[in-house]
Amino acid sequence: MHIVDGALSAPVLVAGAALTVGGITLGLRQMTLERIPAAGVLSASFFVASLIHVAVGPSSVHLILNGLAGLVLGWTAFPALFVALVLQAVFFGFGGITVLGVNTFNIAMPAVLLGLALRSLIANAAPTMAAVWGALGGGGAIALTTLFVAASLVFSGEAFVPAAKLVFFAHIPVMVIEAAVSAAAILLIKRVKPELFTGAPATAFA
Amino acid sequence: MALVSANPPEIRLSALSTACARLDPRLRVCATLVFAIVMSQLDVLGALALGLAASFALLAASGQPWRPILRRMAAMDGFILFMLVLLPFTTPGTPLFSIWGYGASLEGLWAAVDILITANAVVLMVLVLPGTLEPVTLGHALARLGVPLQLVNLLLFTVRYITVLEGEYQRMRQAMRARAFAMRTNLHTLISLGYLVGMMLVRAQERSERVLQAMKCRGFKGALPLIDAMRWRAADTIWAFGFGALILALIALEAAHVFGA
């Protein structure tokens, strides 16, 4: 789902960059001194999780887990996912440079939205019910991300409409995978360390 | 996938590649940014070809092992292939040829070639210039260029702990293998991976508490000191003029075509 340099029109690139600057600013405002190590270590763990490949028939996809990142990090998911995309673009050549803004927004905004919507529900639910909300968060974030990616393509040119549709349908297996993995992860966290979802995101220093 | 390698591969350096290796990190970041922005807006074949040629020339001059870099470039091409193949058939314009009744247009083919050249030229420039820096140096260069310190701190922490958490991930995978877990396309695999990710997050959170205590003990006040000595040298000025000339040439080629036509 990385869009590369050269595919998007200038207005889409500028809009994506502006929105991402806004999201990062909000995220950094939440990241006080006490939360810097937590944000950094969790950001690293999401980076490592994104290296896990799951087989889908003959092919394989890597985990994204932006929904889970939004649930755990809140707005800090914006700078954390931005950092991950910068590292991937610069050192592995995935994605591009001018599209960093658009790519960050497409992945981080759904994460933050679902995080805001579901975090308190998960904090107050029993483990099994929390897992259901987790599945909704994990699958929903990917569904929204594919819609955002499709929209960025379509706003750049009518010719991308079939490609945009293909992006959405090709990602339905990814939505299922992310929903299942997120649900199981939340089930475990709720049993082992439920404090991760109470209080302000990414802190729990009580 | 270690971002910080304890033993970087030995590279044979000629005079030119030594000069490349000593390029100021700030200049690398700025040159790549400007190059990417200009390339993404070009539409003229001559200009695009010049940009791609410049990227290849820099790869050759840098003396970096070219195999892994080109392999990464090819991996990216694999990702975008399906979109590029679709474009000629979905763009209206002068018909070129048709497959199974679907006509391909010249304009669509041209748009696909445009994206392909831009993406490859930029990825190559990225992997050769900032991509060969140590991640920590990249963070410091970004801070020197005015990126907010908090964001740079987050990047430095992330880089530091990717290696640590990768080790943790590998240990847990080994434990799963010892219990005869094998990846398949089924629900059991997904749930097991979910537990793995959940446990990683729990451990990461607990680790971060220990990290914070240790840092507070050493007087952490919210910012990591930037210990480096980035010094702008005369050679960097010459490189900067070189990049400037390249950018101007790209813009001139584009403008000559647009206003000449």
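In which strand of chain B does B:Leu96 lie? B:Leu96 belongs to strand β1 of chain B.

This is a predicted model in which local features need pLDDT of at least 70, side-chain atom pairs count only at pLDDT 80 or more, and totals for chains, interfaces and linings use all residues. Residues are numbered from 1 along each chain as its sequence is written, chains are lettered from A and ligands numbered from 1 in the order in which they are written, and side-chain values use heavy atoms, without hydrogens and water.

**View 1. Nonpolar surface patch of chain B.** B:Leu45, B:Leu96, B:Phe97, B:Ile99, B:Trp100, B:Tyr102, B:Leu106, B:Leu109, B:Trp110 and B:Val113 make a nonpolar patch of about 1,000 Å². The largest share, 4 residues, comes from α5(B). Helices (H or I, at least four residues) and strands (E, at least two) are DSSP runs, numbered from the N terminus. Patch residues have over 30% relative accessible area and no salt bridge, with nonpolar side chains (Val, Leu, Ile, Met, Phe, Trp, Tyr) joined within 5 Å and like charges within 9 Å. A salt bridge is a side-chain nitrogen of Lys or Arg within 4 Å of a carboxyl oxygen of Asp or Glu. Areas come from the Shrake-Rupley method with a 1.4 Å probe; for residues, only the protein chains shown count as cover.

**View 2. B:Leu96 in strand β1 of chain B****.** The relative accessibility of B:Leu96 is 40%, so B:Leu96 counts as partly exposed (buried is under 20% relative accessible area, exposed over 50%, partly exposed in between; 1.4 Å probe, protein chains only).

**View 3. Elements of chain A.** Chain A contains 8 helices and 2 strands, in the order α-α-β-β-α-α-α-α-α-α from the N terminus.
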